[in-house]
Amino acid sequence: MDILILIFLSSGLFLGWALGANDAANVFGTAVGSRMVRFSTAAIIASIFVILGATLSGSGAAHTLGKLGAVNALGGAFVVSLSAALTVLVMTKFELPVSTGQAVVGAIIGWNIFVGIDTETTVLFNILMTWVLCPVLSAVISIILYQIVKWFLNTIKLHILTLDWVSRTALIVAGAFGSYSLGANNIANVMGVFINAITLDDLTFGNITFNTAQQLFFVGALAIAIGIFTYSKRVMLTVGNSMMPLTPITAGVVVMAHSIVLFLFASEGLEYALASRGLPTIPLVPVSSSQAVVGAIIGIGLLKGGQELDWRVLGRIVTGWVTTPPIAMASSIFLLFFLQNVFSLMVYTPLHYQVNQHVQTEFNHQVDSNHNFSALYGQTFTDIRSFKQAMADVQLNDPQKKVLLELALIEPIAVDFSQLPEGWTEGLSKERYKAVEQLDGAEFQHAWQLLDALSAASHEWQMAEDNIINKQYNKRLKSDITTLLNHSFIH
């Protein structure tokens, strides 16, 4: 990995460390707080399974943050991660289990505001809804699990020594599952903003290939593990003891409820399984480990009447949740301005836009309309603000403006078949390989023109219907297209 990339990536690693010190502590906080599991044991298990979850299953939730704001410059990604990390660090200093995800979302919105890009309101609404749904769902699951466990123990009547062993084992198993779910769901908070700003060569070990995202996720997970070992114990004890006294049984229920919630919001396999059976799916969004574990504790506390809950501690935690996004947003805007104007650091890659007859024809085809953009012909807009101002003179609704923005984006491409990474074509079918080979030497002004040319050359380059069932197929196809754009074609 290039040394410059590592320098810019340092803020993401810092954020990973902060997540390990704060959010990751929630996985074993109740176990350590109830003194059923040693901190060193919890840290080792959490670190191993966080790394596995991030590397193997971290891609699902990462795409949601990319839709919220596609940070397209290393400098911008550096600032977004740094702003979120500083916010989480300050909250951790006050021993508050805040949400790293909320800090990242606030920082991304700050970047959007600074560069003049509209935040996708639909994506933001879905994320905000999960901030409400996560603790509520965790509370409901913890109540159900607690009732099941209570009935089971009253029926079986275990010996006290056996019960102690079962409780410790359950806490460790639940913690391992929770750590895997945490890595799968929250690695998007740590490295998601770098995916659009960094391109790395694929790494292959035997028959296993690690793309850019997986490499970033692995490095970020290592940072999380370091955070767990070095600074998480204080927050573990806050979650484990301060809100409500926890028995080993209730501690195990809290960890398992928290783990299930994180898994539900991170599993692409579960999403596909539900959709293929016609069942409603759960959005793949990075949710807060802190919110999940606090919600689980509240659920059990309310089930017991609410007298054991320390509402003052809960109030401090909720205050941290509410203040985290705006603090991260303000910090992001300030640091972006400071780095751009003091250090001349590029925090945003300028995008150029141009409307011509080809763009107009494609636009009318996609939205099934008959718009005329001839007044915009011959103009090149050097930033998104000026292009949006020009679009204001054309009668378009918000979805149509989004389509025109995507189509008018200038991405000059000269096809160079010799630049394909070695061995990459072995994974292509003959028809897809031939389609790429036929385009060698062709030039395009817009990326969508290349995709149209590939689709025309072979139906195997065409996206399937956009639904959950075809999600895995389209995801692999998009990955191949990204590889072509990053390696085979000189911009």
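This is a predicted model: local features need pLDDT of at least 70, side-chain atom pairs count only at pLDDT 80 or more; totals for chains, interfaces and linings use all residues.

Colleague: Fine. Is D368 buried or exposed?

Modeller: D368 has a relative accessible area of 72%, so it is exposed. It sits in the loop between α15 (357-367) and β4 (380-381). Helices here are DSSP runs of H or I with at least four residues, strands are runs of E with at least two, and both are numbered from the N terminus.

Colleague: What is the phi of D368?

Modeller: Positive, about 55°, although D368 is not a glycine. Most residues other than glycine have a negative phi.

Colleague: Which loop holds S344, and what is its phi?

Modeller: S344 lies in the loop between α14 (311-342) and β3 (353-354). Its phi is positive too, about 55°, and it is not a glycine. With 63% relative accessibility, S344 counts as exposed.

Colleague: Let's zoom out. How many helices and strands are in the protein chain?

Modeller: The protein chain has 20 helices and seven strands. Its radius of gyration is 24 Å, close to the 23 Å from the globule rule for 491 residues, so the chain is as compact as a globular protein of that length. The radius is taken over C-alpha atoms, and the rule is 2.2 Å times the number of residues to the power 0.38.

Colleague: What does the C-alpha trace span along its principal axes?

Modeller: About 80 × 50 × 45 Å. Buried residues make up 52% of the 491 residues.

Colleague: And what share of the contacts comes from residues 24 or more positions apart?

Modeller: 82%, taken over contacts with a separation of 6 or more. Contact means heavy atoms within 4.5 Å.

Colleague: On to helix packing. At what angle do α1 and α5 cross?

Modeller: Roughly 25°, for α1 (residues 3-21) and α5 (residues 74-93), and their axes come within 8 Å. Axes are lines fitted to C-alpha atoms, for helices over the stretch in contact, and angles run from 0 to 180 degrees between N-to-C directions. α1 and α5 are therefore roughly parallel to each other. The cut-offs: under 35 degrees is roughly parallel, over 145 roughly antiparallel, 65 to 115 roughly perpendicular, and the rest oblique.

Colleague: Which hand does that crossing of α1 and α5 have?

Modeller: Left-handed. That label applies if the near helix is turned anticlockwise from the far one by less than a right angle; clockwise makes it right-handed.

Colleague: Which residues of α1 and α5 meet there?

Modeller: On α1, they include I5, F8, F14 and W17. On α5, L74, F78, L82 and L89 are among them. The contact has 16 nonpolar residues, five polar and no charged. Ala, Val, Leu, Ile, Met, Phe, Trp, Tyr, Cys and Pro count as nonpolar, Asp, Glu, Lys and Arg as charged, and the others, Gly among them, as polar.

Colleague: How does α1 pack with α8?

Modeller: At about 140°, with the axes of α1 and α8 (residues 160-191) 9 Å apart. They are therefore oblique to each other. The crossing is right-handed. L9, G12, L13, L15, G16 and L19 of α1 meet L182, N186, N189, V190 and M191 of α8. That contact divides into seven nonpolar, four polar and no charged.

Colleague: What about α13 and α14, at what angle do they cross?

Modeller: Roughly 150°, and the axes of α13 (residues 289-303) and α14 come within 12 Å. That makes α13 roughly antiparallel to α14. Their crossing is left-handed. S290, Q291, V294, I298 and L302 of α13 make the contact with W311, L314, I317 and W321 of α14. It has seven nonpolar residues, two polar and no charged.

Colleague: Last stop. Where is S458, and what does it contact?

Modeller: S458 is in the loop between α19 (447-457) and α20 (471-488). With 2% relative accessibility, S458 counts as buried. Leaving aside neighbours within four places in sequence, S458 contacts E431, R432 and A435.

Colleague: And which helix holds E437?

Modeller: α18 (residues 430-438). E437 has 42% relative accessibility, so it counts as partly exposed. Its C-alpha is 6.6 Å from that of F417, 20 residues apart along the chain.

Conventions
Residues are numbered from 1 along each chain as its sequence is written. Side-chain values use heavy atoms; hydrogens and water are left out. Buried means under 20% relative accessible area, exposed over 50%, partly exposed in between (1.4 Å probe, protein chains only).
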